[in-house]
Amino acid sequence: MRRGVVGIGLAAIVSSCAGPGLTRSWPVMGTFARATVTDPDPAAAERAVARVRETFGTVDAAMSNWTEESELSRLNREAGRGTYRIADANLAACVAAALDGAARTGGLFDPTVGPLMTLWGFRPKTPRVPGDAAIAEAMARVGAARVRFDRAAASVRFEREGMEIDLGGIAKGCALDAARRAIVAPRRFGLLDLGGGLAFFGEPPGHVVDVDLRDPRDPEASCGEARLPPGITASTSSDLENRNVIGGVVYGHIMDPRTGRPAVTAVVQATAFHTEATISEILSKALFIGGLDGAPAVLRAYPDAEAVLIVAEGDLLAVVASRSLQGRLTLTRPLGFTPDSPRFTLPAATMTGRRVP
């Protein structure tokens, strides 16, 4: 795969891995998808891309909260009145991962913030700043601890009506993981990109992938590069693009479930690396919301993950990364960053059995 800027939707990183491949892109899940597949058999590569496209479409049909016909919408209508049993296996797995992520991150990531997203006018797009009473009322319907989920039975029940599960912060990761599982094959490798969330698969030549971090000051440029093992996924969270500006005040779309308000943090951009795209998505949101002080606890909850945070410090930006990235992360555009960037002060990943050349 040749290097190239991933300029799609909320894309926050660019990436590369060696070798030519068949590349196709298409709109899905409110953004754009791109699949690059390298396979000795060109026809097999075409079939793999078709399977990726089918999987993304299936996940979207099940997990969208923008249509009343999806199973997620049906779940949200019924789980407040009684137990709902999930039929779609990918949806069940995604709900399980989201609720587990809420528990592990101490509620920094929370899939029940849907009432807040609606209240603040991010869904649908009707920007407004609600009052304290309205926020308090919505908060009474927020909280993953109020969801009763039986993993074995794939059943869900809400403690009160009006709650909902919003998978907007994780569904793309679930789709990437499902698609990778669907196309694994010997001698096949490549990259899946869904709205800027990345999932590498297979063993590329050199057995390594390079992931470049987008410069938050310039969406078309990268500011650093990390060398990572094959099979890695990456997710970046930032409120630089999807935001409401009301009365000259900027309100980001990443909601802090602890306050009922858009997250306010010195973290400008949070990128997480993990072998599962679902977990990378959870981590990037939790790291953004928790800020630099909360990052160590979040990463300790997922000891095989790594992270890179870009943090505002006065007029400069600082890059703060996992200690295990030392020697594998470099700044390629240092102008405007603190002289000591990158700082390798976040917990190191175990990366058991995943040596990076």
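**Note on helix packing and backbone geometry**

1. The crossing of helix 6 and helix 7 is right-handed, and this is a feature of a predicted model. Helix 6 spans residues 171-183 and helix 7 spans residues 277-301, and the two pack with their axes 7 Å apart at an angle of about 160 degrees. Since angles over 145 degrees count as roughly antiparallel, helix 6 and helix 7 are therefore roughly antiparallel to each other.

2. On the helix 6 side, the contact is made by Lys172, Gly173, Cys174, Leu176, Asp177 and Arg180, while helix 7 supplies Ala277, Thr278 and Glu281.

3. A second pair to look at is helix 1, residues 42-63, with helix 3, residues 89-104, whose axes come within 9 Å and cross at roughly 65 degrees. That angle makes helix 1 roughly perpendicular to helix 3, because the range for this description runs from 65 to 115 degrees. The crossing of helix 1 and helix 3 is right-handed.

4. Where helix 1 meets helix 3, the residues from helix 1 are Val59, Ala62 and Met63, and those from helix 3 are Asn90, Leu91 and Cys94. In the contact of helix 1 with helix 3, five residues are nonpolar and one is polar, with no charged residue taking part.

5. Some points of backbone geometry also deserve a check by eye. Most residues other than glycine have a negative phi, and most peptide bonds are trans. Between serine 341 and proline 342, however, the peptide bond is cis, with omega near -5 degrees. Proline 342 is found in the loop that runs between strand 19 (329-331) and strand 20 (343-346).

6. Which value does phi take at arginine 187? Phi of arginine 187 is near 65 degrees, which is positive in a residue other than glycine. Arginine 187 lies in the loop between helix 6 and strand 7 (189-194), and with a relative accessible area of 69% arginine 187 is exposed, the cut-off for that term being over 50%.

7. Histidine 207 likewise has a positive phi, of about 55 degrees, although this residue is not a glycine. Histidine 207 has its place in the loop between strand 8 (197-201) and strand 9 (209-215). With a relative accessible area of 45%, histidine 207 is partly exposed, because that term covers values between the 20% limit for buried and the 50% limit for exposed.

Technical notes. Residues are numbered from 1 along each chain as its sequence is written. This is a predicted model: local features need pLDDT of at least 70, side-chain atom pairs count only at pLDDT 80 or more; totals for chains, interfaces and linings use all residues. Side-chain values use heavy atoms; hydrogens and water are left out. Axes are lines fitted to C-alpha atoms, for helices over the stretch in contact, and angles run from 0 to 180 degrees between N-to-C directions. Helices (H or I, at least four residues) and strands (E, at least two) are DSSP runs, numbered from the N terminus. Angles under 35 degrees count as roughly parallel, over 145 as roughly antiparallel, 65 to 115 as roughly perpendicular and the rest as oblique. A crossing is left-handed if the near helix is turned anticlockwise from the far one by less than a right angle, and right-handed if clockwise. Contact means heavy atoms within 4.5 Å. Ala, Val, Leu, Ile, Met, Phe, Trp, Tyr, Cys and Pro count as nonpolar, Asp, Glu, Lys and Arg as charged, and the others, Gly among them, as polar. Buried means under 20% relative accessible area, exposed over 50%, partly exposed in between (1.4 Å probe, protein chains only).
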